[in-house]
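Hi,

Here is the model I promised to send over. Have a look, and my notes follow below.

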Amino acid sequence: MLPKPKKTKDVYLDHAATTYIDKAVLKAMEPYFSKVYGNPSSLYHEGLKANEALNTSRRTIAKFIGALPENIIFTGSGTESDNLAIYGIAKAHLQHGKHIISTPIEHHAVLHPLEDLKKSGWEITYVKVNDKGMVNVDDVIKAIRPDTILISIMSANNEVGAIQPIAEIGRKLLQYRKENKASYPFFHTDACQAAGYLNLDVEKLHVDLMTINASKIYGPKGIGMLYVRRGVAIKPLILGGEQERNLRAGTENIAGIVGFAKALELVQAGKDKETKRLDGLVKYFWDKLQKQIPQVKLNGPEIGPHRLVNNLNVSFAGIEGEALLLYLDEYGVMCSTGSACTVKSLDQSHVLKAMGIPTEQSRGSLRFTFGHCNTKQDIDYIMKYLPLIVEQQRSNKYEKYYT
Ligand SMILES: *Cc1c(COP(=O)(O)O)cnc(C)c1O
């Protein structure tokens with residue numbers, strides 16, 4: 001029998017949706033709300049202090065991604081950075097062509113702008129992914145046409161943790177451009193999920209544009225950046241003042257930017273140790289799930305080098321993931337079905353669908369994403385309830401799916 005929910009404990013397992021702010025990040029941000037309050041564009045000392053913080057943060061972030069500080073544009077979110085990359089390139093390179101290559105598993109911050117451009121005459125090729133959610137390097141290169149202006153492929157998927165071969169695509173693209181004496185297409189990657197765990201060096205990845213935000217790496221929400229390689233022209237989305245080299249108008253969010261830089265510094269410095277720790281936790285959890293619950297399936301790549309270390313996306317046969325999620329919440333466990341941005345619609349996850357996962361399996365999927373606060377005790381706690389919840393749910397609904 002399932003014990004009555006007591007909510008004795010909160011277990012947060014949705015770090016891919018967002019993270020709490022690291023204490024050191026909050027501390028770094030604190031002075032920039034009321035102590036150092038100037039507008040960085042002002043010429044008197046308060047403005048200069050704010051401008052100094054802006055420059056220092058920009059240098060810190062540039063260092064971690066192997067870029068020049070002047071090639072970083074601060075924005076209001078990961079979503080805005082993705083929009084700026086896509087519309088910014090589309091608008092600035094009209095004379096060259098109107099073809100863009102992407103994948104069907106991108107975040108909606110990429111997919112929706114692409115669908116919007118399609119309505120205005122751009123052509124979009126979505127390169128297929130395999131049943132693990134991986135894109136094939138040669139398929140991407142083969143999709144290039146003389147009028148292709150942009151390739152946009154995420155570094156790691158937010159639903160199933162599939163890590164895409166960005167550096168390999170980048171290398172082959174360089175070769176393509178060399179052979180064809182072309183500067184097109186440009187290469188953008190959405191690295192929001194990758195920022196805490198993978199190498200972000202834009203030179204090693206051979207990307208021309210890269211999106212990162214702070215809210216997935218223990219930094220504040222509502223701050224993002226777009227790296228744009230020197231010499232790659234883009235048009236701004238937001239017009240007004242001359243901030244961010246005329247590419248993103250509006251007074252800079254100094255506290256957010258300072259927090260973003262601190263957060264990136266901390267996750268990148270701690271990533272090897274945290275990767276090892278989370279790898280242990282996720283394997284421990286997956287092992288228990290398989291032993292204690294019949295008919296569970298892993299969605300996405302095998303646990304290992306092609307999967308984000310903090311992601312476990314699992315399907316429970318014969319159950320609605322949504323029901324499971326709500327039951328787990330009764331016991332204080334927070335996880336997600338698919339991506340946080342689409343849970344309110346009943347559509348099947350576009351990512352699992354693109355991977356060819358049958359609707360029933362997709363409906364029974366739950367995403368657990370681990371992070372700083374999680375321990376082995378959290379998993380032991382969940383496993384006290386989850387097998388019983390699954391059993392109870394299946395005894396109600398089993399026949400519906402299996403007769
Ligand atoms: C969260 C996320 C975004 C959106 O970032 P916001 O800062 O919430 O706008 C974009 N792409 C990916 C892969 C994400 O995980």
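Which side chain has an N or O atom 2.8 Å from an oxygen atom of the ligand? That one is Asn-213. The protein buries 86% of the 380 Å² that the ligand exposes when taken alone (Shrake-Rupley areas, 1.4 Å probe).

Before going on: this is a predicted model, with local features needing pLDDT of at least 70 and side-chain atom pairs pLDDT 80 or more, while totals for chains, interfaces and linings use all residues. Numbering runs from 1 along each chain as its sequence is written, and side-chain values use heavy atoms, without hydrogens or water.

Back to the ligand. Asp-190 puts a polar side-chain atom 2.6 Å from a ligand nitrogen, and a backbone N or O atom of Gly-78 sits 2.9 Å from a ligand oxygen (polar contacts are N or O pairs within 3.5 Å). The residues around the ligand (a heavy atom within 4 Å) also include His-107, Met-154 and Lys-216. By type, this shell has two nonpolar, seven polar and three charged residues. Helix H4 (residues 78-92) gives the most to it, with three (helices are DSSP H or I runs of at least four residues).

I also looked at the second largest pocket, which holds about 340 Å³ (an open set on a 1 Å grid where a 1.4 Å probe fits, with protein on both sides within 12 Å along at least five of seven lines; lining residues have an atom within 4 Å of a point). Of its 23 lining residues, those closest to the centre include Tyr-218, Glu-274 and His-372. H11 gives the most to this lining, with four residues.

Cheers

Note on methods. Grid points are joined across faces, edges and corners, and a volume is the space filled by probe spheres set on the points. Helices (H or I, at least four residues) and strands (E, at least two) are DSSP runs, numbered from the N terminus. A polar contact is a pair of N or O atoms within 3.5 Å; within protein, one must be able to donate a hydrogen and the other to accept it, and residues adjacent in sequence count only if both atoms are side-chain atoms. Ala, Val, Leu, Ile, Met, Phe, Trp, Tyr, Cys and Pro count as nonpolar, Asp, Glu, Lys and Arg as charged, and the others, Gly among them, as polar.
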